[in-house]
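Let me put the thing on the screen, and then I'll walk you through a few spots.

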Amino acid sequence: MTIRLTVAALLALATPAAADPHPEAQRILSIGGSVTEIVYALGQQDRLIARDTTSSFPAEAQSLPDVGYMRALSPEGVLSVRPDLILSEDGAGPPETIAVLRQADIPFETIPAGTNADGLAAKIEAVANALGVPDAAKAPVADLRADLAALDASALDGDRKRVLFILSLQGGRVMASGTGTAADAMIRLAKADNAIAAFEGYKPLTDEAITAAAPDVIVMMDRGEATGSHDAAYADLLAMPAISTTPAAKAGAVIRMDGLYLLGFGPRTGQAARDLHRAIYGSGHGGA
Amino acid sequence: MVALEADAGRLDGDRAHLGRNIAILLSVLLLSVAILSLGHGASGVSAWTVLIDWMTGQTVDVTDRVVLFDIRLPRLATGILVGASLAVSGAIMQGLFRNPLADPGLLGVSAGAGLGAIAALVMGGLLPPAVAAAAGWHLVSLSAFFGGWIAMLTLYAISTRQGRTSIATMLLAGIALAAMVGAVSGLIVYRATDDQLRDLTFWGLGSLAGASWTKLAAAAPLMLVALAASPLIARGLDGLALGEAMAAHVGIRVQRVKAAAILTAAGATGAAVAISGGIGFVGIVVPHLLRLVAGPRHRWLLINSALLGATVLVGADMISRTIIAPAELPIGIITAMIGGPFFLWVLLSNRRTLDA
Amino acid sequence: MSLVARGLDVDLGKRRVLRGIDLTAPAGQLTAIIGPNGSGKTTLLRCLTGEIAATSGTVFLNGRDTALMRPEDLASVRAVLPQQTTLSFPFTVAEVVSIALTASPTPMADRAGLVRSALSQAGLPGYSGRLYQQLSGGEQQRVQLARALAQVWTPTGRDGPRWLFLDEPVSSLDIAHQMHVMETVQAYARDGGGVIAVMHDLNLTAMFADHVMLMCAGRIVASGTPQDVMTDRNLSDVYNIKIVRNCVPADGIWVLPQAS
């Protein structure tokens with residue numbers, strides 16, 4: 001936590017704290033997948049002129065010039081698209097680049113991160129404010145809150161299920177999510193428990209820890225492979241000795257969802273949480 | 001026997017004139033690449049228009065001014081110094097270890113600097129806020145620099161006994177030290193968050209994107225001193241090529257040359273790595289190429305390595321800045337992608353000379 | 001003026017390799033060190049040149065304690081030819097020889113001439129542009145001799161005689177070049193310089209040496225003229241094989257350059 005606070009403090013030195021409205025901005029560079037999604041959700045996409053590598057949704061966004069990965073931006077690359085406003089998720093860098101951008105007098109608005117209903121609403125409102133269209137936030141925020149409220153209202157038949165989020169399966173080694181991650185936050189939004197609470201972040205898991213965690217459901221990111229290879233991957237995964245003993249393997253409960261949809265924490269997160277909830281508990285839940 | 005043969009022009013096999021001509025050629029080349037580099041970038045700002053407007057007192061667009069004076073100029077200067085430092089350090093290390101494949105990595109500088117950078121990127125937040133604020137975003141560079149020096153001094157202390165440094169001990173101890181440093185780095189990486197891991201990866205690929213006047217002001221003095229001092233050990237390195245004993249017999253103060261070579265290479269590399277991350281291959285390819293063309297005597301080899309190293313890095317940086325603009329490809333990828341195949345080609349076409 | 005060693009003991013690791021060596025080698029003479037393998041000849045030479053430090057004892061060259069001399073001063077008084085030199089980079093012959101002039105007071109303008117002269121002296125005229133690594137073993141050895149000669153080109157200077165320390169200078173050479181090299185270094189001694197050579201070839205030693213030191217098990221067991229030192233008894237004892245001087249074998253052929 002200390003690390004994050006200090007990094008945040010350092011960034012705060014480099015960027016103004018509150019988002020000022022920029023209704024006049026017509027050449028906007030959007031950095032961070034969720035911020036770009038929010039700009040589209042607000043109907044302001046015509047003002048976008050460029051994006052970063054993580055901004056891959058909606059598909060139209062991909063036709064915009066790409067200024068590179070959000071944590072390794074090049075100053076001249078950013079300046080070359082001649083933005084009159086830069087909207088960014090928390091964590092854009094490196095700090096040297098941000099410092100040069102400030103020298104060039106280009107407004108740089110950092111949108112705070114949020115992983116629950118209030119945080120996400122604040123995020124959407126912050127983007128809307130920065131764009132000078134505060135009213136446009138009303139509809140997406142209402143949709144988001146409605147989705148999450150529906151989840152809150154839905155009653156569970158039995159116990160909360162234990163979910164194991166697997167980030168990657170390189171060489172048969174399971175890289176799983178502990179606490180404090182986007183995946184952990186999403187599991188909680190979907191009214192389930194993270195099966196791994198022993199550590200923070202994404203770490204490789206020993207076989208015995210998987211068995212001990214006894215997940216009811218396994219969630220993985222969909223990286224867009226062909227469907228056929230999915231089935232093969234399922235079979236391989238469930239055949240792994242450590243996995244095969246888990247309730248999830250016995251029930252064949254493996255869920256794959258698009259990474260940005262699942263973990264992006266943008267305007268679609270309410271929908272994503274409901275989808276995940278339905279996938280975990282079966283249809284008939286999540287107020288569907 | 002006292003009578004010398006009359007001087008009949010230049011001595012066959014003395015390649016000093018080649019070295020001098022190549023130095024002139026490389027100076028011109030470096031100047032051209034530097035001018036080209038100032039004029040090119042993702043933003044399409046014309047350096048010359050801006051410069052002329054600025055000098056004639058006309059109003060210059062703030063973005064154009066920043067692009068030229070705060071992005072391209074410090075980046076060009078950093079590229080020149082870093083390229084020269086890496087290539088000269090490489091040449092010095094190869095002379096010291098009597099091996100054309102040696103690089104400053106053998107001194108533990110790279111491993112130590114890597115550990116320093118990793119520690120700063122992952123655990124910088126554990127520092128007292130006052131210290132963190134004072135170091136600001138230079139924390140990674142500072143930490144890399146000190147990491148490199150601590151590793152190098154440790155290695156030097158381990159391999160020096162009774163005032164004599166054993167190069168063989170240094171080589172072996174360097175391997176052990178690199179393994180230990182690697183383990184500690186691994187431990188820290190294990191603690192890292194996803195974002196920090198991405199930062200580590202990019203640091204390892206090297207980039208001049210973070211170049212700024214502030215950083216340059218901190219790192220340039222050390223690189224300049226090291227570069228200026230390097231010609232002083234040229235004769236000593238020539239002597240070492242005959243072996244340590246032979247070098248002493250022809251009147252070289254071997255221990256002094258070794259200490260000076262290690263300090264120079266570590267100083268230049270430490271500063272270069274600290275401000276640009278891990279940029280590979282320049283230190284090996286550049287001196288090797290120059291040896292093939294003008295021979296291994298260090299007087300011109302060191303000067304020409306500085307010139308060619310600077311030219312190569314400024315050129316590679318220009319490619320890195322423009323090839324996928326507005327995004328940027330880490331420069332370490334460019335140097336390895338161009339340097340690797342080129343080096344192979346040179347090796348294959350010189351096979352017979354090498355085997356002889 | 002001479003080379004003098006007093007009470008030299010040398011340990012390599014825990015083993016004592018030289019014991020109580022006392023010797024005097026005057027300038028103007030060719031002094032040969034002979035003895036069987038492992039008797040300490042090369043170690044003695046390395047100790048005399050300052051390459052390895054003596055455990056105890058002192059070496060004086062032209063009256064000065066070599067341990068106290070600066071490397072560049074030592075280099076202007078004596079040159080060393082080791083048994084073998086491997087180069088790490090592709091130097092030309094001219095470059096190898098000029099590296100020897102690092103500490104030399106020779107003006108730059110005269111150096112090209114000096115390198116050429118030294119190469120002719122070693123029987124390698126026209127070799128200066130060749131790559132050292134592409135030469136044969138014998139040619140490389142003669143390049144190294146040229147390098148040593150160039151370093152102390154004049155056999156005597158204002159500050160006294162110059163010295164050549166040679167470790168098996170003719171080991172890789174054919175018989176003609178053996179004779180040529182031995183004549184060259186003999187001439188160097190005749191002109192007032194000092195020459196110390198570790199030798200394997202007893203015939204060449206007998207033919208060229210003014211002074212012979214016979215070594216066995218880390219000691220000098222005999223010292224003097226070849227006539228006095230290279231006796232049947234001394235040689236037989238030290239080399240542990242029956243040796244008879246000046247005796248023609250009953251059959252077969254033999255080759256002695258001395259005879260011609």
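Before I say anything about chains touching, here's the cut-off: contact means heavy atoms within 4.5 Å. With that in hand, two pairs of chains are in contact, and chains B and C share the most contacts. Chains A and C have no contact joining them, and their closest C-alpha atoms are 41 Å apart. And do keep in mind that this is a predicted model.

Let's take chain A. You get 13 helices and 10 strands there. It has 288 residues, and 53% of them count as buried. If you look at its contacts with a separation of 6 or more, 60% come from residues 24 or more positions apart.

One residue I'd click on in chain A is S34(A), which sits in helix 2, residues 33–41. Is S34(A) buried or exposed? Its relative accessible area is 1%, so S34(A) is buried. Its side chain makes a polar contact with the side chain of E89(A), at 2.7 Å. Skipping the neighbours within four places in sequence, S34(A) touches E89(A), K123(A), G264(A), F265(A), G266(A) and P267(A).

Now over to chain B, and a helix pair. Helix 3, residues 62–97, and helix 9, residues 213–229, have axes that come within 10 Å and cross at roughly 30°. Angles under 35 degrees count as roughly parallel, so helix 3 of chain B is roughly parallel to helix 9 of chain B. The crossing of these two chain B helices is left-handed. On the helix 3 side, the contact includes F69(B), L73(B), L81(B) and V88(B), and on the helix 9 side W213(B), M223(B) and L227(B) are among the residues involved.

Also in chain B, helix 4 covers residues 109–123.

Just after helix 6 of chain C, G192(C) has a positive phi of about 110°. What do the buried residues of helix 6 of chain C pack against? Strand 3, helix 4, helix 5, strand 9, strand 10 and helix 7, all of chain C. Among those buried residues are M179(C), V181(C), M182(C), V185(C) and Y188(C).

Most residues other than glycine have a negative phi, and most peptide bonds are trans. D105(A) has a positive phi, near 60°, in the loop between helix 4 and strand 4 of chain A. With a relative accessible area of 58%, D105(A) is exposed. A217(C) also goes positive, at about 50°, and its loop runs between strand 11 and strand 12 of chain C. A217(C) is exposed too, at 56%.

For cis peptides, look at F57(A) to P58(A), with omega near -10°; P58(A) is in the loop between strand 2 and helix 3 of chain A. Then there's A325(B) to P326(B), cis with omega near 10°, where P326(B) falls in the loop between helix 14 and helix 15 of chain B.

Note on methods: Residues are numbered from 1 along each chain as its sequence is written. Chains are lettered from A and ligands numbered from 1 in the order in which they are written. This is a predicted model: local features need pLDDT of at least 70, side-chain atom pairs count only at pLDDT 80 or more; totals for chains, interfaces and linings use all residues. Side-chain values use heavy atoms; hydrogens and water are left out. Buried means under 20% relative accessible area, exposed over 50%, partly exposed in between (1.4 Å probe, protein chains only). Helices (H or I, at least four residues) and strands (E, at least two) are DSSP runs, numbered from the N terminus. Axes are lines fitted to C-alpha atoms, for helices over the stretch in contact, and angles run from 0 to 180 degrees between N-to-C directions. Angles under 35 degrees count as roughly parallel, over 145 as roughly antiparallel, 65 to 115 as roughly perpendicular and the rest as oblique. A crossing is left-handed if the near helix is turned anticlockwise from the far one by less than a right angle, and right-handed if clockwise. The expected span of a helix is 1.5 Å times one less than its number of residues. A polar contact is a pair of N or O atoms within 3.5 Å; within protein, one must be able to donate a hydrogen and the other to accept it, and residues adjacent in sequence count only if both atoms are side-chain atoms.
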